[in-house]
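Thanks for coming. I have one structure for you today, and I will keep it short. Please look at the screen.

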Amino acid sequence: MQGFSDGITGADLAQLQSTMHTIEVACTSIQMQINPTAAEATILSLSQSPQRYKACQFILENSQMANARFQAAAAIQDAAIREWGFLSTEDRISLISFCLCFVMQRASSPEGYVQAKVSSVAAQLMKRGWLDFTAAEKEMFFYQVNQALLGAHGVDVQFIGVNFLESLVSEFSPSTSSAMGLPREFHEQCRTSLELNYLKTFYRWARDAALSVTNKIIESDAAIPEVKVCTAALRLMLQILNWEFRHDTNSMKAGINVFSAGVRRPECVLVQPGPAWCDVLISSGHVGWLLSLYAALRQKFCHEGYWLDCPIAVSARKLIVQFCSLTGTIFPSDNGKMLENHLLQLLSGILQWIEPPDAVSKAIEEGKSESEMHDGCRALLSIATVTTPFVFDQLLKAIRPFGTLTLLSTLMCEVVKVLMTNNTDEETWSWEARDILLDTWTILLVPLDGNGGDAFLPREGKQAAANLFAMIIESELKVASASVANDDGDSDYLQASISAMDGRLISYALIARGAIDVTIPLLTRLFSERFERLHQGRGIIDPTETLEELYSLLLITGHVLADEGDGETPLVPSAIQTHFVDIIEADKHPVVVLSGSIIRFAEQSMDPEVRATVFSPRLMEAVIWFLARWSHTYLMPFEEAANCHLSHDYEHQHQSIHSRKSLLSFFGEHNQGKIVLNIIVHISMMTLMSYPGEKDLQDSWHDLANAFTNEKSLFLLSSANQRSLAQTLVLSASGLRNSEASNQYVQGLMVHMTTYLVELSNKKDLKSVAQQPDIIMSVSCLLERLRGAASAAGPRTQRAIYEIGISIMNPVLLLLEVYKHESAVIYLLLKFIVEWVDGQISYLEAQETASVIDFCMRLLQLYSSHNIGKISISLSSTLISEAKTEKYKDLRALLQLLSSLCSKDLVDFSSDSDEVAGTNIAQVVFFGLHIVTPLISLELLKYPKLCHDYFFLLSHILEVYPETLPQLNSEAFAHILGTLDFGLHHQDLEVVNMCLGALKALASYHYRETCAGKTGLGSHAAGQGNLPEGIFSQFLRSLLQLLLFEDYSPDLVSAAADALLPLILCEQELYQRLGNELIERQANSTLKSRLANALHSLTSSNHLSSTLDRVNYQRFRKNLNSFLMEVRGFLRTM
């Protein structure tokens, strides 16, 4: 590197001034939009110029244009990172020192963005050399920074020192680090080193910097520069507390799945720095100082409305809130005493932000900033996150006559009142406050054990929850009734669907369950009042407001009584299980009373007159949704569920079990279950007939249907609903007593469909009849239903579904021929076969598997004969586009079919799974690939889903069945290699990973086979089409080019190592030749030696051998990481 300490001659000075002038003109051109492309090229050339570092330093020190100085700093950053391997240790240190001296010598410069850029460059260069610098060299830099933070050189320099540490911490944090083209391992080593050796020191320095200016700030009545230092120091402390500490991940609620079942995601991040931080954060009195600082400033500027949102106030509050999230082993094992004292101290300081709630709310409505109130709510959320409900509630009782839960309830009630008063579509401060406080209740009430139980609330907390839920219900009902008078078609409430409201409703349900003794009777009373109002006002009073209120109540009640199944049968919420233990008669159980009143109301929809006047599609949507959710938990439950024991509340265990049994048995098979089931089925059937165009209603129906009908009106349903209906009907068979009954039920259910298709296929004039519109519609509907039924296949119904598929194999092939020009029907046929094979293949015996494979082969041959060359260049661009889309959907279905067949070798439940019986899955899969591959062009692989399915199948085949790969013909094999090369350079990380896995499998197979004296891939390993050098030679070149010279994600390095090792073993001579070529291209003797040593270490370090076992792969991964860290930087400058 040239000229860090060389004297500047007259000729040099002239050249440097000319370069500076050129850059300044280019910056001006960009600002004035005069030939910006040429100007950008000029600026980019600065980092490539012969005297780049000297020129950039000269511009930084002498240019009067701030933007030119900014670009010079950027050029230093770009060139130094790129050429780091060329630079000597002295040059590296000199660059960093220059940047640090520059910002400190110009600390008072008004161009803050230039200072920030140069600071950022120094931080990035320091990280780039972090693993190379000695401890003494690092201390040299940090001594300079520490002196700045101590204020020895003035307030401006002190601010610059803090600002530099902010840049440095940001650079070392994984989420904000700059890309350097290095493996992830490098970034991880830097992060760990900084966390263990320097991060706490930086925090102390920031704290001391803030302490040094605090008194002056409090005593001053005017704006002084010390405020800027204090703000930056607080911001740095907050940034450090936001660090993702890795060595202390145990928290009080680490095992809680707070995001299950759609629970709202809380905002706060836990701070877990470990015991080494106790002295600086806890025992030093640091929190007390911070609270006192904010309180003093708050008191001083209490009449200045702007102060709450000024940087120092915001930074201080954010830091206080972050201290509320402190948890883990930083607190000693003293039964939580130190943690409770810490939180009480914080809560005492925060109370003035949120108390009294009505006064705070009034002040905000009158114009005061809401930011302090929001931060107070966030603090409560953070405290809730690190405590139990009991500890949370007890905190405030040390200084108030009531608990923290009462405060939380009062605060949220006030927020809800404001929302109710200001009912508006615009998001106001009260919206945000409500969401934060709902998160707080959620984190307190979410199951503590993560398995479905509910958190325990103390007595006063239950009353607080009951009061809050009553206010929430009042607010929601008011919004519902007010929405009727709103003529705005975009009203948020009218447009809100069940799914859109689900997050908030789940939180409401948790609050209701916290005081279930009170809230269930409340909901029962509210329903009864509205039912009575509808009954008395029929034909007299407009019922719309009442109906909207019922809609809202149904959604809330559905969430309170039952949870979303998420693929499993949900249990009765434990709050309901463990309460109402004194109820002896089941029909008096509050949940039974509430559920019964809603079901009886829903039953009134069967009356056409009532339905016409009361049950709008919107209300029926909520009714059907409620019945679906409720029935999944309560209707005719399994005996095991009704008899299972509870896991807590042992004192009332016997009464709880009795109460729960009485609740579930009331709606069981031998009590009211069949009656209720009959009502729900009839309501659902009526819904299908009366509301055929209501999509939301049909989405709910598939959870309820329990009988099948051949009504022509059902053909009006959308294709998705046809599929869902059949799927649900088949799934319901799992509730029958044995497999025989289940199979008979399914066969009876589907026989009319299979009979229709068989009869249709036997018609002599099939080709003409099949083209009639009504026949096409019927066939399409039946295929959708068959697909739905096939997707619902389970152990009990597998035999029936298999026989259904077998019975229509020939009709399906005939229809595939007849409808070869009807792309929509072809797609439905393929999707049915995919679902059927996927659900059947793992259960089939050898002979049955052979039949399915034979059918699939015939189907693939038939499809191939109709579709090869289907896209013609003579078509218009629009028709080509449409044809590609059709082909894409079909091919994706075929790929899924082949993947399903592959699964037989992975999951096989058949009794003769060890017998071959002439069935070879590998053969049919490769046969299918042989047929499908020519249809898959690189253009079609631009469709993301098709691309993913293709490479998933390809990687699986190459890993599991590599021995059959040589059987492909040369054309198909070459096509596969072409797609692999395409995928290797794909933008999708997962696609590249799958391609690397396929390469690993391909090269590993060939290497092992040839080592054993076999042919491996045989002639396929030689040149193929565009790969004349041999496939492994070409892929070795390509992969090395990618790793050394191209941009890629660090996450790919491990997968690339696994592919590279067998490639090197297959082509050892080529690897040696490529390595020698790289070495010879290096003009610098030092770098040439480094590269030679690195290449040698790549294949020899860590006792690497020539075997392909797990240990050797792990060793090579480490070697490749070290190799890339050593050479990638300077190789990319060649």
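What you see is a predicted model. The protein chain has 51 helices and zero strands. It runs to 1134 residues, and 54% of them are buried. Now take the contacts in the chain with a separation of 6 or more: 76% of these come from residues 24 or more positions apart. As for the surface, the chain exposes about 48,400 Å², and carbon and sulfur atoms supply 52% of that area.

Next, a pair of helices. Find helix 7, residues 135–149, and helix 10, residues 199–219. Their axes are 9 Å apart, and the two pack at an angle of about 25 degrees. Angles under 35 degrees count as roughly parallel, so helix 7 is roughly parallel to helix 10. Which residues make the contact? From helix 7 they are Phe-142, Val-145, Asn-146 and Leu-149. Helix 10 brings Phe-202, Trp-205, Ala-206 and Ala-209. Sorted by class, the contact has seven nonpolar residues, one polar and no charged ones.

Please move along to helix 18, residues 389–397. Its buried residues are Pro-389, Phe-392, Asp-393, Leu-395 and Leu-396. Where do they sit around the axis of helix 18? Seen down that axis, the buried residues fall within an arc of 145 degrees, so they line one face of the helix. There is a general point behind this kind of pattern. An α-helix has 3.6 residues a turn, so residues three or four places apart point the same way. The cover over the buried residues of helix 18 includes helix 15 (337–354), helix 17 (371–385), helix 19 (404–421) and helix 20 (429–445).

Is Asp-375 buried or exposed? The cut-off for buried is under 20% relative accessible area. Asp-375 has 7% relative accessibility, so it counts as buried. Setting aside neighbours within four places in sequence, Asp-375 is in contact with Arg-317, Val-321 and Trp-353.

The other aspartate is Asp-838, in helix 40, residues 823–840. Asp-838 has a relative accessible area of 43%, which means that it is partly exposed. How far apart are Asp-838 and Ser-903 in sequence and in space? In sequence they are 65 residues apart, while from C-alpha to C-alpha they are 8.3 Å apart.

That is the end of my list.

Methods. Residues numbered from 1 in each chain as written. Predicted model: local features only at pLDDT ≥ 70, side-chain atom pairs only at ≥ 80, totals over all residues. Heavy atoms only, no water. Axes fitted to C-alpha atoms, helices over the stretch in contact; angles between N-to-C directions. Helix = DSSP H or I, 4+ residues; strand = E, 2+ residues; numbered from the N terminus. Parallel < 35°, antiparallel > 145°, perpendicular 65-115°, else oblique. Contact = heavy atoms within 4.5 Å. Nonpolar A, V, L, I, M, F, W, Y, C, P; charged D, E, K, R; others polar. Buried < 20%, exposed > 50% of the residue type's maximum accessible area, 1.4 Å probe, protein only. Arc of directions from axis to C-beta. Areas by Shrake-Rupley, 256 points an atom, 1.4 Å probe, with all protein chains shown as cover.
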